[in-house]
Amino acid sequence: MDAVAFTGTGANATVSHSLSVIPEMMWIKHRSEVRSWMVYHSGIGASKRLVLDTNAAEAVAGANYFQELTPTASGFYVGTANTTNGSGDGMLACLFATLAGISKVGSYTGNGSSQTISCGFSAGSRFILIKRTDASGDWYVWDSVRGIVAGNDPHLSLNTTAAQVTTDDSVDPANAGFIVNQNSATNINVSSATYIFYAIA
């Protein structure tokens with residue numbers, strides 16, 4: 001992960017970073033105005049965007065947000081939108097990437113029942129973030145401190161102020177990564193639906 005503070009230009013720009021690899025997920029926030037967190041994820045590409053503080057499905061980003069350009073190992077692209085590049089304003093970007101055996105940024109398609117999401121881990125996931133992209137869905141978070149077990153697993157939603165939910169079994173442990181189960185409480189494995197995720201071993 002890398003965090004980059006930069007001053008917006010209001011015009012197409014390239015912002016340098018120190019991640020040393022290509023960012024696969026970016027959260028960009030305007031620091032001095034009330035603005036939403038704009039999200040880039042390699043699972044949906046640079047022509048689309050998500051919003052971290054809502055449950056909205058992916059939306060067309062156009063060139064205004066990420067210039068419809070994939071980030072590089074040295075920089076990422078911002079367009080003219082205030083939410084990613086406010087002119088003369090302080091901006092913050094949080095960058096994430098896969099590190100073999102440690103973290104995984106990825107995507108999957110739901111199968112309507114249960115499936116193992118392989119992250120290349122050897123002892124399972126300690127943190128899981130999942131978001132549906134083709135329709136509305138919360139930014140669900142599970143962690144091993146509160147429990148990722150073969151039973152009900154407490155989860156939070158980054159986009160709400162709600163307390164954790166403890167009454168459903170949406171994820172299960174798997175050495176290679178994690179298992180997603182389809183149930184109506186979270187809908188994280190709807191048949192043919194598309195999802196993005198971030199997991200840490």
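**Entry 1: a ring to start with**

Is F127 buried, exposed or partly exposed? I looked it up in this model, which is a predicted one. F127 comes out as partly exposed, with a relative accessible area of 25%.

My search for aromatic pairs gave a count of 11. In one of them, the rings of F127 and Y198 have centres 6.3 Å apart and planes at 65 degrees, so I noted the pair as edge-to-face. F127 sits in strand β11 (residues 127-132) and Y198 in strand β16 (residues 194-200), so this pair ties together parts that are 71 residues apart in sequence. Y198 counts as buried, at 10% relative accessibility.

**Entry 2: a second ring pair**

How far apart are the ring centres of F178 and F197? I found 5.4 Å, with the planes at 80 degrees, so this pair is edge-to-face. F178 belongs to strand β15 (residues 177-181) and F197 to strand β16, so the pair ties together parts that are 19 residues apart in sequence. F178 is buried, at a relative accessible area of 0%. F197 is buried too, at 3%.

**Entry 3: walking across a sheet**

I then turned to the strands. There is an open sheet of 6 strands, and I wrote down its order as β1-β8-β3-β4-β5-β6, with antiparallel pairing. Which strands stand at the edges? They are β1 and β6 (59-60); each has a single partner strand, so one side of each is left without a neighbour in the sheet.

Strand β1 covers residues 2-7, and I sorted its residues by face: D2, V4 and F6 are on the covered face, while A3, A5 and T7 are on the uncovered one. The partner of β1 is strand β8 (residues 90-96); 6 bridges join the two, and they run antiparallel. For a landmark, I marked A3, which stands opposite C94 in β8.

Further along the sheet, I checked strand β4 (residues 38-41), which 2 bridges join to β5 in an antiparallel run. Here V39 stands opposite L50 in β5. The hairpin of β4 and β5 has 6 residues between the strands, and I noticed that G45 takes a positive phi near 85 degrees there.

I noted that the bridge partner of K48 in β6 is V60.

**Entry 4: salt bridges**

How many salt bridges does a search of the whole structure find? The count is 4. I looked at some of them in turn.

K48 lies in strand β5 and E58 in the loop between β5 and β6, so the pair ties together parts that are 10 residues apart in sequence. K48 is partly exposed at 29%, and E58 is partly exposed at 25%.

R35 and E33 also meet through their side chains, in a salt bridge of 2.9 Å, N to O. R35 is partly exposed, with a relative accessible area of 30%, and E33 counts as partly exposed at 33%.

R132 forms a salt bridge with D134, with the closest N and O atoms 2.8 Å apart. R132 counts as buried, at 17% relative accessibility, whereas D134 is partly exposed at 37%.

**Entry 5: a charge without a salt bridge**

My last stop was D138, in the loop between β11 and β12 (139-143). D138 is buried yet has no salt bridge. Which side chain of opposite charge is nearest to D138? It is K131, 7.2 Å away; a salt bridge would need a nitrogen and a carboxyl oxygen within 4 Å.

I then asked what D138 does meet. Its side chain makes a polar contact of 3.0 Å with that of S157 and another of 3.1 Å with that of N159. Leaving aside neighbours within four places in sequence, I listed the residues in contact with D138 as N55, I130, K131, S157, N159 and T160.

Notes
Residues numbered from 1 in each chain as written. Predicted model: local features only at pLDDT ≥ 70, side-chain atom pairs only at ≥ 80, totals over all residues. Heavy atoms only, no water. Buried < 20%, exposed > 50% of the residue type's maximum accessible area, 1.4 Å probe, protein only. Helix = DSSP H or I, 4+ residues; strand = E, 2+ residues; numbered from the N terminus. Pairing = 2+ DSSP bridges. Phe/Tyr/Trp six-rings, centres within 6.5 Å; stacked < 30°, edge-to-face > 60°. Lys, Arg positive; Asp, Glu negative; His and termini not counted. Polar contact = N/O pair within 3.5 Å; in protein donor to acceptor, adjacent residues only side chain to side chain. Contact = heavy atoms within 4.5 Å.
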